[in-house]
Amino acid sequence: MAGRNEVDQIHRIYKLCGSPSEEYWRKIRLPSNHMAKPQHKRKVREAFKDFSPEALSLADRLLALDPLERLTATDALMSDKDRVYPQAHQKLEKMKVNQ
């Protein structure tokens, strides 16, 4: 999903993940008119419709625009751990024991 430049990259993200809401702009304390804002609907579920329900849910949460709502890598590994990433979860548990 690499863009030709920074603006193109942002537009590609918005086309997939949806445009940020006015509430989001207020929360990050940037003026909402700092750049052109085409309004895009979130299309993550349509783009990855062939994924399993667990993987689709995980992808949707990983691609949240708001970093406070986005899963961390650790959260992602723990999410649906037995069905989506059993080997990664086992390695993560071993790392916790060895610390």
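Modeller: Helices (H or I, at least four residues) and strands (E, at least two) are DSSP runs, numbered from the N terminus. With that settled, D66 is found in the loop between α4 and α5.

Colleague: Good start. What kind of model is this?

Modeller: It's a predicted model: local features need pLDDT of at least 70, side-chain atom pairs count only at pLDDT 80 or more, and totals for chains, interfaces and linings use all residues. Residues are numbered from 1 along each chain as its sequence is written, and side-chain values use heavy atoms, leaving out hydrogens and water.

Colleague: So what's the mean pLDDT of the protein?

Modeller: The mean is 79, and 70% of the residues reach 70 or more. That score is the predictor's confidence in each residue, from 0 to 100.

Colleague: And where is confidence lowest?

Modeller: In helix α6, residues 86–98, with a mean of 60. At the other end, α3 has the highest confidence, at 94.

Colleague: Back to D66. Is it buried or exposed?

Modeller: D66 has 7% relative accessibility, so it counts as buried. The cut-offs are under 20% relative accessible area for buried and over 50% for exposed, with partly exposed in between (1.4 Å probe, protein chains only).

Colleague: Which residues does D66 touch?

Modeller: Leaving aside residues up to four places away in sequence, D66 touches Y24 and K27. Contact means heavy atoms within 4.5 Å.

Colleague: Okay, new topic. Which residues of helix α4 are buried?

Modeller: Helix α4 runs over residues 53–62, and L56, L58, A59 and D60 are buried there.

Colleague: What covers them?

Modeller: The cover over the buried residues of α4 includes α3, which spans 44–47, and α5, which spans 73–78.

Colleague: Now S79. Where is that one found?

Modeller: S79 sits in the loop between α5 and α6.

Colleague: Why does S79 count as buried?

Modeller: Because its relative accessibility is 9%.

Colleague: And which residues does S79 touch?

Modeller: L58 and R61, again not counting residues up to four places away in sequence. L58 is one of the buried residues in α4.

Colleague: How far apart are S79 and E54?

Modeller: In sequence, S79 and E54 are 25 residues apart. In space, they're 8.9 Å apart, going from C-alpha to C-alpha.
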